[in-house]
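Here is a short note to read alongside the structure. The points are numbered so that each can be checked on its own.

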Amino acid sequence: MQKTLPLSFVLPHNTDRMTKAETISKISERTGIEKDTVEKVVESFFVTIKDSLSEGENVYFRGFGSFTIKHRAQKTARNIALNSTIIVDAHVIPYFKPSPEFVSQIKEGVTLEQ
């Protein structure tokens with residue numbers, strides 16, 4: 001069965017989102033594990049991902065996706081409010097790339113209504 005989501009789901013400021021607390025509750029219901037234990041595992045997962053990325057180590061989950069670091073070169077940008085140029089220094093940012101299986105599942109399960 002295909003789910004249909006409003007176009008606002010993919011646009012900024014949408015209200016159709018799941019919070020961390022709701023995610024923890026859902027995992028607890030599905031597994032039968034107490035919420036406190038699930039919360040500790042979820043928090044530990046996030047800390048582990050952040051620590052690995054901050055140490056320059058990429059994290060890969062087969063069938064889900066990868067958390068990596070992207071390097072951004074120095075560039076010149078415009079501040080249109082002040083009509084001036086600024087230099088944005090080189091920096092790194094965290095990046096998530098979903099696996100092809102993940103993307104396929106989302107494409108098959110969700111359609112956008114105009």
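1. Start with Ser25. Ser25 is buried, at a relative accessible area of 18%. Buried means under 20% relative accessible area, exposed over 50%, and partly exposed in between (1.4 Å probe, protein chains only). Ser25 belongs to helix α1, residues 20-31. The side chain of Ser25 makes a polar contact with the side chain of Lys35, at 3.2 Å. A polar contact is a pair of N or O atoms within 3.5 Å; within protein, one must be able to donate a hydrogen and the other to accept it, and residues adjacent in sequence count only if both atoms are side-chain atoms.

2. A word on the basis. This is a predicted model: local features need pLDDT of at least 70, side-chain atom pairs count only at pLDDT 80 or more, and totals for chains, interfaces and linings use all residues. Residues are numbered from 1 along each chain as its sequence is written, and side-chain values use heavy atoms, with hydrogens and water left out.

3. Now the overall layout. The protein has three helices and seven strands. Their order from the N terminus is β-α-α-β-β-β-β-β-α-β. Helices (H or I, at least four residues) and strands (E, at least two) are DSSP runs, numbered from the N terminus. Of the 114 residues, 14% count as buried. The protein exposes about 9,500 Å², and carbon and sulfur atoms supply 56% of that area. Accessible areas come from the Shrake-Rupley method with a 1.4 Å probe; for residues, only the protein chains shown count as cover. Among contacts with a separation of 6 or more, 41% are between residues 24 or more positions apart. Contact means heavy atoms within 4.5 Å.

4. How many salt bridges are there? The count is one. The side chains of Lys20 and Glu43 form a salt bridge at 2.4 Å, N to O. Lys20 lies in helix α1 and Glu43 in helix α2 (residues 35-54), so the pair ties together parts that are 23 residues apart in sequence. The rule asks for a side-chain nitrogen of Lys or Arg within 4 Å of a carboxyl oxygen of Asp or Glu. Lys20 is partly exposed, with a relative accessible area of 41%. Glu43 is also partly exposed, at 30%.

5. Next, a surface patch. Phe45, Phe46, Phe61 and Phe64 form a nonpolar patch with about 330 Å² of accessible area together. Patches are made of residues with over 30% relative accessible area and no salt bridge: like charges are joined within 9 Å, nonpolar side chains (Val, Leu, Ile, Met, Phe, Trp, Tyr) within 5 Å. Phe46 sits in helix α2. Its relative accessibility is 34%, which counts as partly exposed.

6. Follow the strands from β2. Strand β2 (residues 59-61) and strand β3 (residues 65-72) run antiparallel and are joined by three bridges. Two strands pair if DSSP finds at least two bridges between them. Phe61 stands opposite Gly65 in β3. The hairpin of β2 and β3 has three residues between the strands, and Gly63 there takes a positive phi near 85°. On to β6 (residues 91-98): β3 and β6 also run antiparallel, with eight bridges. In β6, Gly65 has Pro98 as its bridge partner.

7. Is Val59 buried or exposed? Val59 is buried, at 13% relative accessibility. Val59 lies in strand β2. Leaving out residues up to four places away in sequence, Val59 touches Ile49, Ser52, Gly65, Ser66 and Phe67. Val59 and Ile49 are ten residues apart in sequence and 7.0 Å apart in space, C-alpha to C-alpha.

8. Thr68 is placed in strand β3. Thr68 is buried, with a relative accessible area of 14%. With residues up to four places away in sequence left out, Thr68 touches Leu53, Asn58, Tyr60, Ile93, Pro94 and Tyr95.

9. Last, the hairpin of β4 and β5. Five bridges join these antiparallel strands. Lys75 stands opposite Val88 in β5. Four residues lie between β4 and β5. Asn83 lies in the loop between β4 (75-79) and β5 (84-88). Phi of Asn83 is near 55°, a positive value in a residue other than glycine. Most residues other than glycine have a negative phi. Asn83 is exposed, at 61% relative accessibility.
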